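Here is a short briefing to read alongside the model. Have the structure open and follow along, one topic at a time.

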Amino acid sequence: MKVDLSEGEARPSTLYVVATPIGNMGDITLRAIKVLGSVDVIAAEDTRVTKGLLAKLKLQGRLISYREHNEVTSSNGIIKLLSSGNSVAIVTDAGTPAICDPGAVLVSRAREAGYHVEPVPGASALTAAISVSGLSQAGFLFKGFLPAKASERKFVLTNFESSDVPVVVFESPHRIKECLFDMISIFGHDLKIFIGRELTKVHEETVLFTLHEAVNWVSSGVYQSRGEFVIVLFFSASSREDEKVPQEAIELLRELMVSLSLKQAVDIVAKYAQVRRKKVYQIALEMKEELDINKIGDHKHE
């Protein structure tokens with residue numbers, strides 16, 4: 001099929017959100033090439049990276065910086081460019097702008113100012129991972145990068161326990177091992193997960209593991225040297241309902257609740273039994289209610 005690249009010239013006073021390859025240059029779209037070659041200005045996360053991309057595409061363009069730390073001030077300048085009739089393309093170092101990358105502030109400002117914002121879709125680590133994960137459910141929850149601080153990360157992960165659909169997160173190579181250990185402490189060893197690493201690059205890996213297997217995989221150290229990770233946690237309503245807490249763990253919980261706080265007892269048993277904390281917590285609440293009722297009954301017979 002012959003493609004007519006004469007169509008799709010950039011229009012005045014329009015902001016183009018342009019996806020660029022996340023590793024494989026072959027993933028650049030014909031439309032992205034046309035837009036990048038015809039806009040008046042390209043707002044780049046890193047002008048050096050984008051300059052290299054344009055050189056490979058044999059394009060030239062006026063580049064300005066649009067980074068996370070200068071989003072607000074840069075957005076003001078770009079709005080002025082749009083008001084003067086300029087067409088502007090925003091790109092990140094790799095992938096789709098405004099998805100865990102700079103861009104959302106500018107898009108919001110441009111829309112509020114009444115300018116047309118047009119997507120130029122293409123590569124995205126999120127959709128690339130989902131497409132090969134084997135996800136068959138009707139939906140999923142995307143949470144982007146997890147917090148770097150351990151306490152904040154655990155808090156966010158704990159909130160995933162109520163999800164009845166798979167959850168997708170990004171993680172950096174130097175935190176992946178710590179992150180997986182946190183997941184095991186909260187979700188147990190047997191939760192199925194998908195991991196995508198170095199997607200579309202030469203050393204791409206896509207694997208399906210239990211959390212226990214995933215920890216062993218990254219503990220080798222080979223996989224921590226480079227490449228961001230996309231993780232799909234396969235939560236489902238049915239898997240929640242089927243999860244069982246071993247009887248010995250329930251008995252341990254009963255004993256611990258006599259001398260420890262409910263939170264302390266739940267934390268210990270959840271870690272010991274390798275089951276979701278929420279499941280143990282529900283049992284503990286029922287147990288506490290039972291113990292309280294028994295205490296009331298004892299007082300009545302005194």
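Let's start with a helix pair: the axes of helix H7 (residues 176-187) and helix H8 (residues 211-219) come within 10 Å and cross at roughly 160°. Axes here are lines fitted to C-alpha atoms, for helices over the stretch in contact, and angles run from 0 to 180 degrees between N-to-C directions. This is a predicted model, in which local features need pLDDT of at least 70 and side-chain atom pairs count only at pLDDT 80 or more, while totals for chains, interfaces and linings use all residues. Residues are numbered from 1 along each chain as its sequence is written, and side-chain values use heavy atoms, with hydrogens and water left out.

**The H7 and H8 pair**
- H7 and H8 are therefore roughly antiparallel to each other (angles under 35 degrees count as roughly parallel, over 145 as roughly antiparallel, 65 to 115 as roughly perpendicular and the rest as oblique).
- Their crossing is left-handed, a term used if the near helix is turned anticlockwise from the far one by less than a right angle, with right-handed used if clockwise.
- On the H7 side, the residues that meet H8 include Leu180, Phe181, Ile184 and Phe187; among their partners in H8 are Leu211, Val215 and Val218.

**The H10 and H11 pair**
- Helix H10 (residues 247-259) and helix H11 (residues 262-273) have axes that come within 9 Å and cross at roughly 155°.
- H10 and H11 are therefore roughly antiparallel to each other, and their crossing is right-handed.
- Leu252, Leu253 and Leu256 are among the H10 residues that meet H11, where the partners include Val266, Val269 and Tyr272.

**The whole chain**
- The protein chain has 12 helices and 10 strands; helices (H or I, at least four residues) and strands (E, at least two) are DSSP runs, numbered from the N terminus.
- Of its 302 residues, 45% count as buried (under 20% relative accessible area, with exposed over 50% and partly exposed in between, using a 1.4 Å probe and protein chains only).
- Among contacts with a separation of 6 or more, 71% come from residues 24 or more positions apart, where contact means heavy atoms within 4.5 Å.

**The parallel sheet**
- Five strands form an open sheet in the order E3-E2-E4-E1-E5, with parallel pairing; two strands pair if DSSP finds at least two bridges between them.
- Strand E3 (63-65) and strand E5 (116-120) are the edge strands, each pairing on one side only.
- Neighbouring strands of this sheet are turned by 25° against each other on average, direction ignored.
- Helix H1 (residues 30-38) packs on the sheet and touches E1, strand E2 (41-44), E4 and E5, its direction making about 135° with that of E5.
- Helix H2 (residues 47-56) lies across E2, E3 and E4 and runs at about 155° to E3.
- Three bridges link strand E1 (residues 14-18) and strand E4 (residues 88-91) in the parallel sense, and Leu15 stands opposite Val88 in E4.

**The mixed sheet**
- Another open sheet has five strands in the order E6-E7-E10-E8-E9, and its pairing is mixed.
- At its edges are strand E6 (141-145) and strand E9 (205-210), each of which pairs on one side only.
- From one strand to the next, the twist averages 15°.
- Strand E8 (residues 192-197) and strand E10 (residues 229-233) run antiparallel and are joined by five bridges; Ile193 has Leu233 in E10 as its bridge partner.
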